Structures are given as C-alpha cells and as structure tokens.
Amino acid sequence: MFVSILAIGLTLAQNPADIQQGKPLFEGLCADCHGFEGTGGRGPNLNRPLTRAQDDDALRAIISDGLPDRGMPRVRRTTPNELRQLVAYVRSLGRAASSVRGGDAQKGSAVYQRSGCASCHVVQGLGGTTGPELTSIGSQRGPDYLRQALIDPGAVLPHGTLAVPARNLDEFLPVRVVTRDGREVRGARINEDTFTIQLRDSNGQLHSFRKADLGQIEKEFGKSLMPSFKDRLSASEVDDLTAWLSSLGGAK
C-alpha cells in the first residue's frame, strides 16, 4: 500500500517544464491518433485515468514498445529526456476531463434506442454484434470523434476495438462477395487468411467462404456498414447521442 501511494505521489509531482516541453512532442508523434490534447481519435481518449499505465514506468514502456495487440506502434525517435517529457505531458492529460459541448445524455439514451443503434452495437451485454461494442466507448474515444462517427462513419473507422484483433486486419471492413453460382453477401469482415474469408452480415449471421468458390471479392476500404445519421437526426439529437455515448465507460 505504501509503495502504491508513493508511486502515485511521484506521478502527480510532474515537472511543469517537462509537461510544457512534452506537449509539442505529443502533437508531433501522438496527436494524429489520440487527438490534440488527448481527446481521442483513432486511438483512445487520454483524458482519463490510464488503467494500462498506473505508474510512469508502465507508461514509458507503452510509449517505447507500443501495444501491438491494439494497433499502437512503438515510438523510438525520442531521447531519454524527450521520453520523460512526453510521459509527463501524457500523464497530465490523464488528470484532465473530456468535455462534451452541449447535449443531454438522458435524451441521448432515448435517441440511441429509437434510432436502431442496438441492432448493431452491444452495450452492457445487450444488442447486436455487427458493429463495435460500445459499453466503454466514452472512456475510449473523445466526443469529437464520436460525433464525427455519427455524421460520417467512413471517416473514423473502428481501430483497436476488438478483444482479439485479427492479425492487424482493418476492423469491421465492409466486404461484398459473389459466389460462382451468383449469390451475393455483404458484411463486415471477421477474419481472413490465404484460402478463406469470414463475414458477419447486417442481421448478425456469420458466413464463411472458401475463396476458390467465389467469383468476386470486393473490399470497401474507407467505407463503413454504419449509415450516416447526418440527415436522419437533428443537430440537437446528434449532440444528445454524443453526450450519452461519451458517458459510457465512466467518462464525465
């Protein structure tokens, strides 16, 4: 217990100069995935307690070695001083809170239900499996990312959301296949190897094909099976739904 308290105390005592100098390093090396000021993007939102990095040594190791199973690359272009500064800045982000501009989370829950989102997404064990699970999405992605995902899903495709990533394949990639006898199936790719491909269609049904039996395989990179809600919801409904999604997983 004493060691844990000491570690937390040392973490909180970051040098303000290191934090300041770490910011441009973060913006150059990390913001493309994690968003400016760590608000989240393709990578997780960092404005929260970092459960994978409960002390600076663990955070330093994650930055240096990456998280291959989550799609995070290694950062090898820093000196020891720069790495210390980057750790200090990232740690400071963990004590910040993501802000949601407007929106009513309670109303957003109702928007989620009546918009049919649960047919494709799981929240706390309930829902479909065509899209990513959203139980903790508020602690994984920032509000701006979530709003963009509602308006233009193809622009912010899921990344690092699967519990067992499929060998760095693009997650939930839309694929259209046509069998040699003319049957057409479109769905999210679940897995693929040299000889076979597996899809899950919009009804949640799994399909497995031998590639030798297919006349056509069309991989729709840059697209999403999720429809845009830009013209389906009002601006206030988008704000409400964003607020509710941001609340999932303990984000405030």
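Me: Between which domains does the second largest pocket lie, and why?

Reply: This is a predicted model, in which local features need pLDDT of at least 70, side-chain atom pairs count only at pLDDT 80 or more, and totals for chains, interfaces and linings use all residues. Residues are numbered from 1 along each chain as its sequence is written, and side-chain values use heavy atoms, without hydrogens and water. Because both give residues to its lining, the second largest pocket lies between domain 2 (105–159 + 226–246) and domain 3 (174–219).

Me: Which element gives the most to the lining of the second largest pocket?

Reply: Elements that give two or more residues to this lining include strand E4 (184–192) and H9; helices (H or I, at least four residues) and strands (E, at least two) are DSSP runs, numbered from the N terminus. With four residues, the most to this lining comes from H8.

Me: Which residues does Leu 46 touch?

Reply: Leu 46 is one of the residues with the most contacts inside the largest nonpolar core, which has 20 residues. Contact means heavy atoms within 4.5 Å. Leaving aside residues up to four places away in sequence, Leu 46 touches Phe 26, His 34, Gly 38, Val 90, Leu 93 and Gly 94.

Note on methods
Domains from an automatic or database assignment. Core = buried A, V, L, I, M, F, W, Y, C linked by side-chain atoms within 4.5 Å. Buried < 20%, exposed > 50% of the residue type's maximum accessible area, 1.4 Å probe, protein only.
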